[in-house]
Amino acid sequence: MDGAQRQQIMASVQQQLALQNAQELLQKLSDKCFKACVQKPGSTLSSSEQKCITSCSDRYMDAWNIVSRTYAERIKREQHRH
Amino acid sequence: MSLNSLANDPELQKFVAAKELENQLAAQVHHLTNICFDKCLESSGNVSELSSRHTTCLQNCVDRFLDCTMLITNRTIQRMQQGR
């Protein structure tokens, strides 16, 4: 296998993992915010439901960022301990 | 390029191992976000922004959950060593 082929494979794997991560996030967002914002499903999403869902998904993304950072810092701390 | 050459390529193996670890960490972040969102934000309804109280709660939640996991792990090992 030459370098170019290796690079190609690594890029493809990286892409698939990024896609998987995005799908996971979207799934979690939908589950959480549907549950929180849509109590009785109507024939359309009302504007208050839409606002709730938008707000909810923004908050969830904020939370994801904070958790991601906190987790990375914790791992670093644990590594320095040992 | 055969599958064999893929499997035996050391640089690729190292890359895949690193990505698997990365993937596990990413999965853990999803899991933690799920738990801590429920704990810290669920009762907050429709806030337009995360307050510093929310942020602190999320940070504490992550650290306390990991403390909890470590405690349980150590306790479980202890019990196994005691033959229970």
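**How the terms apply to this structure**

Author: Between them, chain A and chain B bury about 3100 Å², of which 66% is on carbon and sulfur atoms. Buried area is the accessible area (1.4 Å probe) that two parts lose on being put together, summed over both. A:Arg59, A:Tyr71 and A:Arg74 supply 21% of the area that chain A buries against chain B, more than any other three residues. This is a predicted model, in which local features need pLDDT of at least 70 and side-chain atom pairs count only at pLDDT 80 or more, while totals for chains, interfaces and linings use all residues. Residues are numbered from 1 along each chain as its sequence is written, chains are lettered from A and ligands numbered from 1 in the order in which they are written, and side-chain values use heavy atoms, with hydrogens and water left out.

Reader: How many residues does each chain bring to the contact?

Author: Chain A gives 32 residues and chain B gives 34 residues, where contact means heavy atoms within 4.5 Å.

Reader: Why is A:Arg59 called buried?

Author: Buried means under 20% relative accessible area, exposed over 50%, and partly exposed in between (1.4 Å probe, protein chains only). The relative accessibility of A:Arg59 is 9%, so this residue counts as buried. A:Arg59 belongs to helix H2 (residues 47-81) of chain A; helices (H or I, at least four residues) and strands (E, at least two) are DSSP runs, numbered from the N terminus. Leaving aside neighbours within four places in sequence, A:Arg59 is in contact with B:Phe37, B:Leu41, B:Val47, B:Ser48, B:Glu49 and B:Leu50.

Reader: What makes the pairing of A:Arg59 and A:Asp62 a polar contact?

Author: A polar contact is a pair of N or O atoms within 3.5 Å; within protein, one must be able to donate a hydrogen and the other to accept it, and residues adjacent in sequence count only if both atoms are side-chain atoms. The side chains of A:Arg59 and A:Asp62 are joined at 3.1 Å, and the pair therefore meets the distance limit.

Reader: Why is the link between A:Arg6 and B:Glu11 called a salt bridge, and why does the pair join two chains?

Author: A salt bridge is a side-chain nitrogen of Lys or Arg within 4 Å of a carboxyl oxygen of Asp or Glu. The closest N and O atoms of A:Arg6 and B:Glu11 are 3.6 Å apart, and the pair therefore qualifies. A:Arg6 lies in helix H1 of chain A and B:Glu11 in helix H2 of chain B, so the pair joins two chains. A:Arg6 counts as buried, at 14% relative accessibility, whereas B:Glu11, at 41%, is partly exposed. In general, side chains of opposite charge can pair when their charged atoms come close.

Reader: How many salt bridges are there between chain A and chain B?

Author: The count between chain A and chain B is six. One of the salt bridges pairs B:Asp38 with A:Lys32, with the closest N and O atoms 3.3 Å apart. On the side of chain A that touches chain B, H1 and H2 of chain A are the elements that give two or more residues. The largest share of that side, 18 residues, comes from H2(A).

Reader: Why are A:Arg81 and A:Glu78 said to be separated by about one helical turn?

Author: The two residues are three residues apart in helix H2 of chain A, and A:Arg81 and A:Glu78 are therefore about one helical turn from each other. Their salt bridge has its closest N and O atoms 3.8 Å apart. A:Arg81 is exposed, with a relative accessible area of 57%, while A:Glu78, at 15%, counts as buried. A:Glu78 also forms a salt bridge with A:Arg74, at 2.8 Å between the closest N and O atoms. These residues belong to a network of salt bridges linking A:Arg74, A:Arg77, A:Glu78, A:Arg81, B:Asp63, B:Arg64 and B:Asp67.

Reader: Why does A:Gln39 count as exposed?

Author: A:Gln39 has 58% relative accessibility and therefore counts as exposed. A:Gln39 is found in the loop between H1 and H2 of chain A, and its side chain reaches the backbone oxygen of A:Ala36 at 2.9 Å.
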